[in-house]
Structure formats: C-alpha cells, structure tokens
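Subject: Structure for your review

Dear colleague,

I am handing over the structure below, and my notes on it follow directly after. Please read them alongside the coordinates.

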Amino acid sequence: MKHVGLLVRLEAKPGKEQAVRDFLTGALPLAQQEPATTTWYALQLAPATFGIFDTFPDEAGRQAHLNGPIAAALMAQAADLLAVEPVIEQVAILAAK
C-alpha cells in the first residue's frame, strides 16, 4: 500500500499556462524512472491552476522524489512559469484502491 504522498499546487503566470502544461507532461518520463514513486499524476484544476499528486511506499521514497530531477527542474523554472511559489503539502494516505 502507498503510505505517504505529496500534493503540489501550481499557479501559472498569465500567458504561461501552456508552458506549465508542457512542463508537467514532459516530467512523466522522469517520474517513471523513480522506483520509489508508486503513482504520479499531473492535474489541471482550473485554467491557470495545476497540481501534482504522487504517492510513495515510505518517507525515504518521498524524500528521494523531493530531492530528485522533477523538483529541481520545477524550482529552476518556477520564477518564469509560476505566479506564486509552489504549495507543497506532505500527506498521509489513509485508504487507496
């Protein structure tokens, strides 16, 4: 079972919505290479609001992801793409199917 996760909210700068979409879809191959990332979803919640939800078997997997290439790329491009800093919430998975 997946025990821990991340819920990340991203707010695109005006005119950068497609660039954020492209970033997120382009990150999928990186997530697929992370053995401790059990699930990884890129979401669009509203026209300029995006998110990432991912799960891990344990805290070590979550920390590996937070220190991995997707997070590094996101932080490197955040000033250009995002209206505000990403909101990163560490969550506990209570139930899953």
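Predicted model: local features only at pLDDT ≥ 70, side-chain atom pairs only at ≥ 80, totals over all residues.

Y41 has F53 as its bridge partner in strand 3, and that pair belongs to the antiparallel pairing of strand 2 (residues 39-46) with strand 3, which extends over seven bridges. Strands here are DSSP runs of E of at least two residues, helices are DSSP runs of H or I of at least four residues, and both are numbered from the N terminus; two strands count as paired if DSSP finds at least two bridges between them.

Residues are numbered from 1 along each chain as its sequence is written, and side-chain values use heavy atoms, with hydrogens and water left out.

The four strands form an open sheet in the order 2-3-1-4 with antiparallel pairing, and its edge strands, each of which pairs on one side only, are strand 2 and strand 4. From one strand to the next the twist averages 20 degrees, where axes are lines fitted to C-alpha atoms (for helices over the stretch in contact) and angles run from 0 to 180 degrees between N-to-C directions.

Strand 1 (residues 4-11) is joined to strand 3 (residues 49-56) by eight bridges, and the two run antiparallel; in this pairing L10 has F50 as its bridge partner, while R9 stands opposite G51. Strand 1 is also joined to strand 4 (residues 87-92), again antiparallel, by six bridges, and there V8 stands opposite I88.

I88, which is in strand 4, is partly exposed at a relative accessible area of 42% (buried means under 20% relative accessible area, exposed over 50%, and partly exposed in between, with a 1.4 Å probe and protein chains only). Apart from neighbours within four places in sequence, I88 is in contact with L6, L7, V8 and L66, contact meaning heavy atoms within 4.5 Å. The C-alpha atoms of I88 and I52 lie 9.2 Å apart, although 36 residues separate the two in sequence.

The helices

Helix 1 (residues 17-32) and helix 3 (residues 69-81) have axes that come within 10 Å and cross at roughly 170 degrees. The two helices are therefore roughly antiparallel to each other, given that angles under 35 degrees count as roughly parallel, over 145 as roughly antiparallel, 65 to 115 as roughly perpendicular and the rest as oblique. On the helix 1 side the contact is made by A19, V20, F23, A27, L30 and A31, and on the helix 3 side by P69, I70, A73, L74, Q77 and L81. Sorted by class, these are eleven nonpolar residues, one polar residue and no charged residues, with Ala, Val, Leu, Ile, Met, Phe, Trp, Tyr, Cys and Pro counted as nonpolar, Asp, Glu, Lys and Arg as charged, and the others, Gly among them, as polar. Helix 1 also lies across strand 1, strand 2 and strand 3, running at about 170 degrees to strand 2.

F23, in helix 1, is buried, with a relative accessible area of 11%, and beyond residues up to four places away in sequence it touches I70, A73, L74, Q77 and L81. F23 and I70 are 47 residues apart in sequence and 9.5 Å apart from C-alpha to C-alpha.

P86 sits in the loop between helix 3 and strand 4 and counts as buried at 13% relative accessibility. Setting aside neighbours within four places in sequence, P86 is in contact with V8, R9, L10, L74 and M75.
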